[in-house]
Amino acid sequence: MDRYVRSLLETGSDWAQASQLYEKLISCEGEDLQIKATIHLARLSKYAPETTLAQAVPILVELLGTPISGRNPSIQEAVAYCLNCLALHGAGSLCALIAQCGSIPLILRLLPQSQAGFRKILLKCLRTIVTCDGISRRILSRNGGLEVILNLISSTNGSRRYLLEILTALAMLREVRLVIISVGGASLLIEAAGSGKMVSRTRAAHVIGLLGITRRVRQMLVGLGVVHVLVSLLREGDMPAKLTAGNALGIISSHIDCIRPVACSGAIPLFAQLLEGQEPLGREIAEDMFCILAVAEENAVAIVEHVVRILRDGNDEAKAAAADVLWDLSGFKHSFSVVGNSGAIPLLLELLSGGNEDVREKASGAIAQLSYDERDRKALVEAGAVPVLIELLSDESEELKDNAAEALINFSEDPTLRERISQVVDTQSFWELQQRFVRFRMSDEHTVRSLRQMSIDQFVAEPELA
């Protein structure tokens, strides 16, 4: 057989004959030969077509269920090793087949009685199957897999990484998350997010984000140290890990009591990196996060410092995102003075002249929002905003024109500034714009009054555990 396998590896052909040979060898009564053939099949799996591997799966699962003979290695150990190789090289599709053929209950039956080396192989096989396929997770859950995994975590120090990776895969199921929280297993998910393979850490962070939707669990996670773990993942992870950790931190921070721990953990500079990065989703997450953290004035100061730097030195996409952050932050009462004192206003005016359309629109929106504050209106005028905004009234972009008009209308309603823009205030076109914005404001006020009349229970109802 060794000569045949070597020639097959060299030619990479006649897989049907190889499959028939394996079936023939397995049908013999000698366990030594079965083990040897199964290990060779595992080595060939990286070369063999998926159809050939699929034919071997039912045979392997049947061998996995045979009585243990006491050999070392046993046929079950060789089969678990082989199934893991097949699952790894089958592009995920073989994972469902392996699970549906009945491998998972057999692995669960073998795990409690297995020793170190054999247990590690079984867990690696189980991990590969359930992390690649959602159907496999449900099969594992229905067969009591969560209880087995939790018991093994609490009773053994070996193979802990594999057990945690299996746990995080299981926790993708909502019903499993409910049980994990009810038995006090949240700390295990945090541990999983802090160590192991990056893909598993990312999955754990995703699960934490799902759990953090509920306020009670969110506060529990913060108390268990989740912020430090997620910030570490945001700092050292690959881009999928950064995005997932950043999103989870946003969910965790959505309660006022959790904002300070996130800000104190050093998260703000890391979100600034996302804001000026190449990943559009990363910029969106950073924008949302800054709006949450800026609820606290000291955080707003730190955020604006990074935003101003990006306005000065970033690329067009980063500048547009930074201007959008200022637009949002300018709506916070305490942020008016923060933005106005930051040196952002001259940079925003520069962007109105030199940026691309997206940058100019975001910058004009920020200026329009700033114009609602008396001190910022004066700062805008002193920086030369009036002639720039008047020029924008003839721009092709409707959004630019609307934002410029909104700012100029706010100037015109300020008695100390009206004279400075008299050249545009007294025109028919400006009067029409002013009337249109009056109607918009009346509509907004009506919407606010309608919302106030709605039952507060519709807003504060606690969501179900994610």
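Figure 1. The protein chain has 31 helices and zero strands. Helices (H or I, at least four residues) and strands (E, at least two) are DSSP runs, numbered from the N terminus. This is a predicted model, in which local features need pLDDT of at least 70, side-chain atom pairs count only at pLDDT 80 or more, and totals for chains, interfaces and linings use all residues. Residues are numbered from 1 along each chain as its sequence is written, and side-chain values use heavy atoms, with hydrogens and water left out. Of the 466 residues in the protein chain, 51% count as buried. Buried means under 20% relative accessible area, exposed means over 50%, and partly exposed lies in between (1.4 Å probe, protein chains only). The chain exposes about 21,800 Å². Carbon and sulfur atoms supply 51% of that area. Accessible areas come from the Shrake-Rupley method with a 1.4 Å probe; for residues, only the protein chains shown count as cover. Now take the contacts with a separation of 6 or more: residues 24 or more positions apart account for 68% of them. Contact means heavy atoms within 4.5 Å.

**Figure 2. Confidence along the chain.** The average pLDDT of the protein chain is 84, and 85% of the residues score at least 70. pLDDT is the predictor's confidence in each residue, from 0 to 100. Residues 7–12 have a pLDDT below 50. Beyond near neighbours in sequence, this stretch has seven contacts in the model. Residues 442–464 also have a pLDDT below 50, with nine contacts beyond near neighbours in sequence. Where pLDDT is low, the predicted coordinates should not be read in detail.

**Figure 3. Helix H21 packs against helix H24.** Two packed helices are described by the angle between their axes and the distance between the axes. H21 covers residues 297–313, and H24 covers residues 344–354. Their angle is about 35°, and their axes are 10 Å apart. Axes are lines fitted to C-alpha atoms, for helices over the stretch in contact; angles run from 0 to 180 degrees between N-to-C directions. H21 and H24 make a left-handed crossing. That term means the near helix is turned anticlockwise from the far one by less than a right angle; clockwise is right-handed. Which residues meet here? H21 brings Val308, Leu311 and Arg312, while H24 brings Ala344, Leu347, Leu348 and Leu351. The contact divides into six nonpolar residues, no polar ones and one charged. Here Ala, Val, Leu, Ile, Met, Phe, Trp, Tyr, Cys and Pro count as nonpolar; Asp, Glu, Lys and Arg count as charged; the others, Gly among them, count as polar.

**Figure 4. Helix H6 and its cover.** H6 spans residues 93–100. Its buried residues are Leu94, Cys95, Ala96, Ile98 and Ala99. What covers them includes helix H4 (50–64), helix H5 (75–89), helix H7 (103–110), helix H8 (116–132) and helix H9 (134–142). Just after H6, Gly102 takes a positive phi of about 100°.

Figure 5. Leu53 lies in H4. Is Leu53 buried or exposed? Leu53 is buried, because its relative accessible area is 1%. Leaving aside neighbours within four places in sequence, Leu53 is in contact with Ser45, Ala48, Leu86 and Leu94. Leu53 and His89 are 36 residues apart in sequence but 9.4 Å apart in space, C-alpha to C-alpha. Cys85 is found in H5. Cys85 counts as buried because its relative accessibility is 10%. Not counting residues up to four places away in sequence, Cys85 touches Ala42 and Ser45. The C-alpha atoms of Cys85 and Lys46 are separated by 7.8 Å, although these residues are 39 apart along the chain.

**Figure 6. Two buried serines, Ser364 and Ser397****.** Ser364 lies in helix H25 (residues 357–370). Its relative accessible area is 1%. Leaving aside neighbours within four places in sequence, Ser364 is in contact with Leu352, Leu400 and Asn403. Ser397 sits in the loop between helix H27 (385–392) and helix H28 (398–412). Ser397 is buried, with a relative accessible area of 7%. Not counting residues up to four places away in sequence, Ser397 touches Glu357 and Glu361.

**Figure 7. His255, in a loop****.** The loop runs between helix H17 (239–252) and helix H18 (256–264). His255 is buried, because its relative accessible area is 15%. Not counting residues up to four places away in sequence, His255 touches Arg215, Arg218 and Gln219. His255 and Arg215 are 40 residues apart along the chain, and their C-alpha atoms are separated by 7.3 Å.
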